[in-house]
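The following paragraphs lead the reader through a structure, from its chains to its ligand and then to its interface. Please keep the sequence and the model in view while reading.

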Amino acid sequence: MKVHVDMSICLLHGQCVIAAPEVFSFDDAGGLVWVTEIDDSQVADAEAASDACPEQAIILG
Amino acid sequence: MMQDADTADTLPFLDVANPAFSIRSQAVLDARDASWCARTPYGLAVLRYDDVQKLLRHPKLRQGSYRWPAHNGVTGVFARWWEAMLLSQEGDTHARLRRMANPAFSPKLIGSLIPKFQALANQLIDKFADKGECDFIADFTEPYATGVICDLLGLPFERWRELADIAAEMGLALGVTFKQDLPTIEAATKRIFAFAEDLVETRRAAPTEDFIGMLIKANEDKAQLSDQELLDMIVLAIFGGIDTTRNQIGLAMATFIENPEQWKLLGEQPELARAAVEEVMRVRPTVTWVTREAVEDFTYNDTPIAKGTTVHLFSQSATSDPKIFPNPGFDITAERKPHFGFGGGTHHCLGHFIARGDMTEALKLLAQRLKNPRFNGEVEWLPDSGNTGAIKMPIAFDAA
Ligand code: HEM
Ligand code: SF4
């Protein structure tokens, strides 16, 4: 599954990092980084992150 | 040695402890022009958009109200809950609790409640529409905000008064008379926990797929969400969801009464209701500031901030800044940068999908059914700072 974040609406709340720490993280400069291609074992967490994102910026497909 | 930022005398001073202090006063506007932050009797106030935005997510700041009971020398059942609940937690414990609670607050689950919110709003409006007047707080926002929580918990609307009273009595803990009110607060806290226990017991016997059902499911793994944490979370949803929503819808009505052409527009174009909620929360957020505390010494904007310093992030002043919001007047059709009415960062409001959903439905129906609303007597307000709003708002209108 592919993971995409619309950085034009992401506000760096980090709720995705809380929900799916293996998929999303902050780099040292405070920017959001994520795994763009995830395997099946990470899908449930990524979906939880997508649901939890306050800005609904995460697109899975 | 780190200089204590509270004593840096070049900064403007705002007396937020004075009951007459207003977050919308000229003093705040002048301070915002002069500096990114001001001194207050309890730490710093951050005034501008970019700084509030950055500091909401700053790794050197933690949520700042966790010490409130200790600060007042209070212990007991309320203090135990306050210090253990999600908002007071940081780091791994916060992340774990938030992860376990997320499914219960998901937009999908909340979407299924929208028809109930519409029915509730209509039922309340039906009671006073023909009279052409009401107390908008007692007759609408209070029963609506509490009724929404009843819907969320799967309880009949008839129990709203009971919940509203408990929440109001517990809410005394946030006021300056915390210590004097302690017996009332403790009794209300015990009642709310009995209430939550009852709810959990009933649903364990007859499982549901709703909010409580999702939390009970999370509680199957006790290491991730213990029995106590399950109850603490239910209590937080009740406590955190009622007054905020009541106040925010009241502030919406006051704002529209001052901008009648916008109300007319909303009545004609109900699809603007979602944007209207955002615009109201930009110009009149009920949570006018959120509080943080420095976990270690750090420097921000060349200002040294010592460990333990309280930092108030002034959402209200940040999102009314004409430098960031050209044409800052209330306009539900304008494209705006995001407001901070639900906070931001790791503690971003967990109930925002619910609040956004219920307020959108309420405004949509109100604008269609109450035409030309106007004040109809003295409005009674909470102080215009901290968590603000009206507690009495007589209005008159023309029924559609
Ligand atoms: C218009 C209504 C509401 C407003 C304005 C509001 C505002 C806020 C704000 C500003 C915060 C962050 C506080 C901070 O960072 O210090 C917050 C947190 C929270 N809110 Fe809301 N809220 C509203 C409705 C609700 C509802 C309906 C619920 C639950 C049913 C809820 C549950 C929570 C919870 C659990 C937190 C703590 C989140 C955490 O610490 O991770 N809120 N809210
Ligand atoms: S939760 Fe959403 S807004 Fe927050 S950092 Fe992740 S993608 Fe961005």
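What radius of gyration would a compact globule of 400 residues have, and what value does chain B have? A compact globule with 400 residues would have a radius of gyration near 21 Å, and chain B agrees because its own value is 21 Å. This radius is taken over C-alpha atoms, and the globule rule is 2.2 Å times the number of residues to the power 0.38. The C-alpha trace of chain B spans about 65 × 55 × 40 Å along its principal axes. Its secondary structure consists of 16 helices and twelve strands; helices (H or I, at least four residues) and strands (E, at least two) are DSSP runs, numbered from the N terminus.

The model is predicted, so that local features need pLDDT of at least 70 and side-chain atom pairs count only at pLDDT 80 or more, while totals for chains, interfaces and linings use all residues. Residues are numbered from 1 along each chain as its sequence is written, chains are lettered from A and ligands numbered from 1 in the order in which they are written, and side-chain values use heavy atoms, with hydrogens and water left out.

Chain A has two helices and four strands. Read from the N terminus, its elements follow the order β-α-β-β-α-β. The radius of gyration of chain A is 10 Å, close to the 10 Å that the globule rule gives for 61 residues, so chain A is as compact as a globular protein of that length. Along the principal axes, the C-alpha trace of chain A spans about 30 × 20 × 15 Å.

Attention now turns to the ligand. Ligand 1 is surrounded by 30 residues, each with a heavy atom within 4 Å of it. The closest are His94(B), Arg98(B), Arg292(B), His347(B) and Cys349(B). Polar side-chain atoms of His94(B) and of Arg292(B) each lie 2.7 Å from an oxygen atom of ligand 1. For His347(B), a side-chain N or O atom is 2.6 Å from an oxygen atom of the ligand.

Which elements of chain B each supply at least two residues of this shell? They are helix H5 (91-101), helix H12 (227-258), strand E5 (290-294) and helix H16 (352-369). H12(B) gives the most, with seven residues. By class, the shell has 15 nonpolar, 13 polar and two charged residues; Ala, Val, Leu, Ile, Met, Phe, Trp, Tyr, Cys and Pro count as nonpolar, Asp, Glu, Lys and Arg as charged, and the others, Gly among them, as polar.

The last topic is the interface. Here 13 residues of chain A are in contact (heavy atoms within 4.5 Å) with 19 residues of chain B. The area buried between the two chains, meaning the accessible area (1.4 Å probe) lost on being put together and summed over both, is about 1,200 Å², and carbon and sulfur atoms give 54% of it. In chain A, His13(A), Ile18(A) and Asp51(A) lose the most area to chain B, together 44% of what that side buries. Asp51(A) also forms a salt bridge (a side-chain nitrogen of Lys or Arg within 4 Å of a carboxyl oxygen of Asp or Glu) with Lys108(B), their closest N and O atoms being 3.2 Å apart.

How values were computed. A polar contact is a pair of N or O atoms within 3.5 Å; within protein, one must be able to donate a hydrogen and the other to accept it, and residues adjacent in sequence count only if both atoms are side-chain atoms.
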